[in-house]
Amino acid sequence: MLTNSALDSPSARNPQTARAVETFAFDWDLPNNRLRLDPYGAELLGVPSGADGWSGDGGRRLAAIIDEDLAGLRASVDALSPRRPGYCTRYRMHTADGRERLLHEHGMGQFDADGVLIRLFGIIADVTPPDAAGGPAPASDPVSDPVSDPRSDPTSDPASDPDSDQPQAICPSPLSPPRNTGAASPGAPARTDAPAPAVLPGGQQKRLDLLVAIMDRIPVMVTVFDVGLKDLRVNREFERLLGWSNRDVAEFDIMQACYPDPVLRAEVQAFATEVEGEWRDFRMLAKDGMLIDVSWTNVGLSPTQRVGIGIDVRQRKRAERALLESQQGLQRHLQELEGIYANAPVGLCVLDESLRFRRVNARMADMNGLPADAHIGRSLREVAPDLAQQAEAVIERVLSKGEAVMDVEINAATAAHPDQPRTWLESWLPMTDGQGNITGINIVAREITEQRRTEARLAESEARFRDMAETVPDILFTADAGGATDYVNTRFYRITGADGGSAVGAGWLQALHPQDRERVASLWRDGAGGTEELRFRYRLHCAGGGYRWFETRVRPIHDARGNLVKWFGAASDVDELVRAREALEQADRQKNEFLAILGHELRNPMAPVRSAVDIMEEIAPDDPKLRWAIAVIDRQSRHLGRLVDDLLDVSRITRGQLSLDKRLCRLRALLEQSVDSVLPLIEERRHDFDVSLPDDPVYLSADPARFSQVLCNLLNNAAKYTPPGGTIRLAAEADERTVVIRVIDDGEGIDPALGAGLFDAFSQGQRHLDRSPGGLGLGLAVAARLTHMHDGRIEVRSEGQGKGAEFRVTLPRARPPRDGIEVSDAGAPDTPGRLRVLVVDDNADVADGMGTLLRLLGHDVEVRTSGAAALEAAEVFRPSVVLLDIGMQQMDGFETARRLRAAVPSTRALQLIAVSGYGDSGTIRKGREAGFDRHITKPVRRKTLEAVLGDAATALD
């Protein structure tokens with residue numbers, strides 16, 4: 001129907017200016033910026049065509065376009081969308097031969113799935129006027145022949161018709177020329193070089209004018225063309241709907257523009273030239289890029305001429321699509337309803353006025369025990385006689401009164417289970433026609449046989465539960481999922497004397513002690529919102545007066561799907577248990593206080609004994625008996641000191657008052673320090689002692705004093721329970737992560753019955769009166785707890801009594817120190833130089849003994865027995881170190897220290913050292929707050945005293 005035509009071209013109207021309109025195709029791959037041109041286009045732009053058909057990038061084509069026209073082309077392309085993929089525009093460009101040409105471009109855009117433009121393709125027509133072919137062409141369009149184009153009449157121009165729906169922008173490019181109305185465009189110079197109009201004979205001209213006038217006034221699209229699809233003319237309606245004018249048709253291949261798809265274009269060409277009298281729908285691409293559905297038919301005027309008539313059928317197409325979508329939706333809806341009806345989990349059926357089955361689903365058929373098709377046409381009484389008999393009253397109400405009867409419970413037997421009565425919950429709904437006449441009954445049935453049986457079993461079980469709940473000595477209750485109590489047994493009312501039923505909901509809280517009520521209510525309120533078992537303790541008011549302690553345990557109950565449905569609880573009388581525990585806790589507190597006082601009172605008399613031993617060792621003569629006496633006193637005082645330390649350490653560990661001062665230490669130095677402490681006992685019992693340590697340096701994060709205490713306790717234990725002349729071995733091994741220290745002996749071994757209880761306080765193996773090694777059974781307990789505080793564990797192995805034992809301590813290995821990190825060797829400091837020491841203790845024996853020892857060690861010493869005397873002496877004596885007792889009369893050590901520190905605040909001028917029988921963390925903390933620099937416990941051994949004074953001397957420097 002549409003093809004290139006010379007009928008309305010300038011050459012047809014003026015043979016003297018005839019020139020063939022050249023067109024060429026292009027294809028632009030945008031993501032890869034590759035341009036494909038046909039030979040004429042490549043020649044026009046001077047772009048060589050590659051072997052693969054691609055002519056290079058599109059930038060060369062854009063660079064040739066005159067700048068003021070390039071914006072129009074870009075705007076046309078930017079306006080493309082998947083719904084409006086077409087565009088047309090005109091622009092001027094410089095060709096390869098240096099001339100300026102006027103080109104008309106009609107293109108299509110291609111988009112990917114995300115709507116991104118990826119391709120442009122189309123045709124370009126060279127519409128440069130013949131007289132401008134050799135020079136610059138104006139931006140305006142060549143003037144059309146006003147005689148041969150009836151649309152040059154302003155009265156026939158659609159743009160001048162206010163009622164016309166002609167698009168206001170047929171071509172979006174600003175380069176598109178204004179419509180030719182026989183006068184110059186506004187703002188453009190008048191044309192003087194327009195070709196002269198063609199002159200036809202008078203009769204032919206009139207007939208032509210008449211034909212044109214008729215075609216332009218027909219409200220359908222009309223095209224006139226020859227069988228070769230050459231001479232083509234279109235009417236005004238064609239231009240109004242599609243935007244293509246006779247001038248456009250003359251300038252380039254309009255067939256390709258309207259039908260870019262070559263397959264569709266071939267179909268249209270065959271229909272236009274070979275089919276007559278038949279209507280066929282085609283989708284055409286309008287000039288503005290829109291797709292328009294048109295129904296075409298063709299009529300032959302002569303053997304060589306044909307007329308095409310087209311009707312815009314977009315509205316009909318929309319209606320057809322809407323109707324098709326509606327039909328498809330209705331069909332889907334019907335299929336869904338059919339699926340729901342057939343697979344519904346309830347029984348569904350339809351009875352006619354005679355109570356015969358018209359329709360039944362699979363569930364209903366299964367309930368009745370007959371196939372679904374065996375129901376159709378049979379009456380309700382034939383299929384289920386028992387059910388029909390019970391439903392007579394319901395049927396009467398539905399059919400005669402048109403009432404809907406809902407949730408009727410029916411008990412009957414059916415063919416499915418003829419000997420077993422079953423229960424259904426049914427709804428009977430009347431069905432009516434358009435006039436309101438009842439035409440049948442729609443029945444919805446849900447079998448509840450198992451539900452009723454379950455309810456009966458549940459009621460029976462609940463009755464048994466209540467009977468049982470009334471006999472137990474505890475308070476039993478249940479609550480709903482939200483926590484509201486719905487049952488409490490009579491035990492609660494007998495205990496509290498409350499009125500029956502008053503505990504339901506939250507009433508039970510009123511029987512609680514006022515101090516417990518809000519706490520328990522909050523616990524129950526928060527816990528009832530979760531799913532975890534709850535436990536709380538409170539005091540409950542009793543009918544006889546007073547309160548008793550009760551403990552409640554509440555457990556959640558879930559259904560088969562895991563949903564919380566109920567709470568079950570029991571409250572037990574634990575008053576005696578609570579009061580017994582309070583008594584035990586009170587006794588434990590008193591025991592701890594007693595141990596602390598005992599330790600202090602034992603250490604005070606031991607302190608002068610310890611000082612006397614150190615003095616005698618310093619000045620004793622060579623008399624063997626005196627040396628023996630000194631050794632006995634020294635050994636037994638040290639043993640007594642260890643017993644006191646173990647006793648107090650267990651108490652502090654139990655109360656959580658023992659803390660560690662961890663630091664990075666060398667394993668070898670820690671072990672050597674521990675061995676030095678125990679070596680006298682090992683040598684005394686003539687044990688064969690072997691030590692095996694790693695060659696490579698190994699580090700631990702440990703409190704040196706407490707770690708040494710662990711090893712000393714293990715080595716002391718091995719020495720005590722290994723007969724004289726036996727073997728003891730200390731071995732240490734390390735891997736990348738752990739350090740294992742083993743103490744092995746071939747002594748008495750361990751009774752397997754002791755098991756893990758060996759590390760409990762006051763636990764000892766079986767003793768014989770003739771050779772009990774003594775002790776309180778605290779050493780291993782302290783060692784185990786201190787090891788745990790070091791993030792380690794302690795284990796024991798023994799094959800039985802008389803076969804020795806092995807204690808194994810496993811600790812985490814620390815990383816080697818970085819440069820600049822201090823490592824503690826836990827060794828003794830250098831002996832300090834001469835110091836000015838003030839000793840203050842209200843026990844004269846302790847003060848004098850320590851003063852004498854310090855003088856023997858070469859220090860200047862003053863001794864005072866009260867805090868006030870110490871303050872006076874400090875002003876005159878000006879000590880550098882003060883050894884100050886804590887528990888003094890009148891002015892204690894804390895107050896004395898605060899006053900001394902106020903007089904001499906600098907630690908570089910004065911070191912305050914607390915010497916006390918109290919060694920708990922609370923006393924040490926209060927000492928730091930009072931100004932003490934160090935805390936040591938009585939009795940103070942000479943080595944400890946020298947180490948403390950050495951540290952003080954270092955701090956004073």
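Helix H11 (362-368) and strand S14 (417-432) each give at least two residues to the lining of the second largest cavity. Helices here are DSSP runs of H or I with at least four residues, strands are runs of E with at least two, and both are numbered from the N terminus. A cavity is a set of points on a 1 Å grid, over the protein atoms alone, where a 1.4 Å probe fits but cannot get out, and lining residues have an atom within 4 Å of a point.

Before going on: this is a predicted model, where local features need pLDDT of at least 70, side-chain atom pairs count only at pLDDT 80 or more, and totals for chains, interfaces and linings use all residues. Residues are numbered from 1 along each chain as its sequence is written, and side-chain values use heavy atoms, with hydrogens and water left out.

The volume of this second largest cavity is about 70 Å³; a volume is the space filled by probe spheres set on the points, which are joined across faces, edges and corners. Its lining includes Cys-349, Met-364, Asn-368, Glu-426 and Trp-428. By class, the lining has eight nonpolar residues, one polar and one charged. Nonpolar means Ala, Val, Leu, Ile, Met, Phe, Trp, Tyr, Cys and Pro; charged means Asp, Glu, Lys and Arg; the others, Gly among them, are polar.

How many cavities of 30 Å³ or more does the whole structure have? The search finds nine.

Methods:
1 Å grid on protein atoms, 1.4 Å probe; cavity = no way out; pocket = protein on both sides within 12 Å on 5 of 7 lines; lining within 4 Å.
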